[in-house]
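Dear colleague,

I am passing on the structure below, together with notes on what was found in it. Please read the notes with the model open beside them.

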Amino acid sequence: MARKARQLSEINSYTILLKASDTLQFNNHDKQLFLETVQKYSSVLSYKFLAYNLTDSILSFVLYDCDTALDTTMRKIVVSFVNKFNLYHNRSGKVFKDRFVSLPAHSVKDVWDMVYDVHNLSGTEFNSVNNYFDDKYINLECAKQFLEKNK
C-alpha cells in the first residue's frame, strides 16, 4: 500500500519529528552531533533553523524558508547524521523508526506557533528555549525580524 503524500507548505516551513528506532536512545553526544549536522547544512541548503527540542527518543525542530525541497534537505541531514552516529557507536543499520514526520506551516504566524509548540514538548537540556537568543544553532536574524514585526 502506498504512503499518503506529504503535505507541502506554501512558505516552505515545517516542524520535523524524527523518532529513534525502538532499541536506540540518543545521548548528549548524539544530540550535539545532530545540532552540528543541521547547522552544517543550513548554509548549503539555505534554510533557517528556528527551534529544537531533542529528547532521548525524538528529535524535533522547526525549519523556516527552505529553498531546497524538503525531501532533499532531510535526506542530506539524516544520512549525514546516521553515518556519524553509526560510526561513533560502532554499529550499522537503521537509526530512525520510519521516515520523518513533517507538519507544514501555512503562514509566518504558524511558524512561530510551531516554535512555541516545539519548546513546550518536554523538558530537556537540549531545548532551544533554554537560552534562545544566545543559542549558536538558532537563526537569530530571522527571530529578531519576527519580533520586530509583531511588537
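Helix 1 (residues 28-45) and helix 2 (residues 70-88) have axes that come within 10 Å and cross at roughly 145°, where axes are lines fitted to C-alpha atoms over the stretch in contact and angles run from 0 to 180 degrees between N-to-C directions, and helices are DSSP runs of H or I with at least four residues, strands being E runs of at least two, numbered from the N terminus. The contact (heavy atoms within 4.5 Å) involves, among others, Leu33, Phe34 and Tyr41 of helix 1 and Ile77, Phe81 and Phe85 of helix 2.

This is a predicted model, in which local features need pLDDT of at least 70 and side-chain atom pairs count only at pLDDT 80 or more, while totals for chains, interfaces and linings use all residues. Residues are numbered from 1 along each chain as its sequence is written, and side-chain values use heavy atoms, with hydrogens and water left out.

The protein chain has four helices and four strands, arranged along the sequence as β-α-β-β-α-β-α-α. Of its 151 residues, 46% count as buried, meaning under 20% relative accessible area, with exposed over 50% and partly exposed in between (1.4 Å probe, protein chains only).

The count of disulfides (pairs of cysteine sulfur atoms within 2.5 Å) is zero. The sulfur of Cys66 lies 11 Å from the closest cysteine sulfur, that of Cys142, which is too far for a bond. Cys66 is buried at 3% relative accessibility, and Cys142 is buried at 6%.

Best regards
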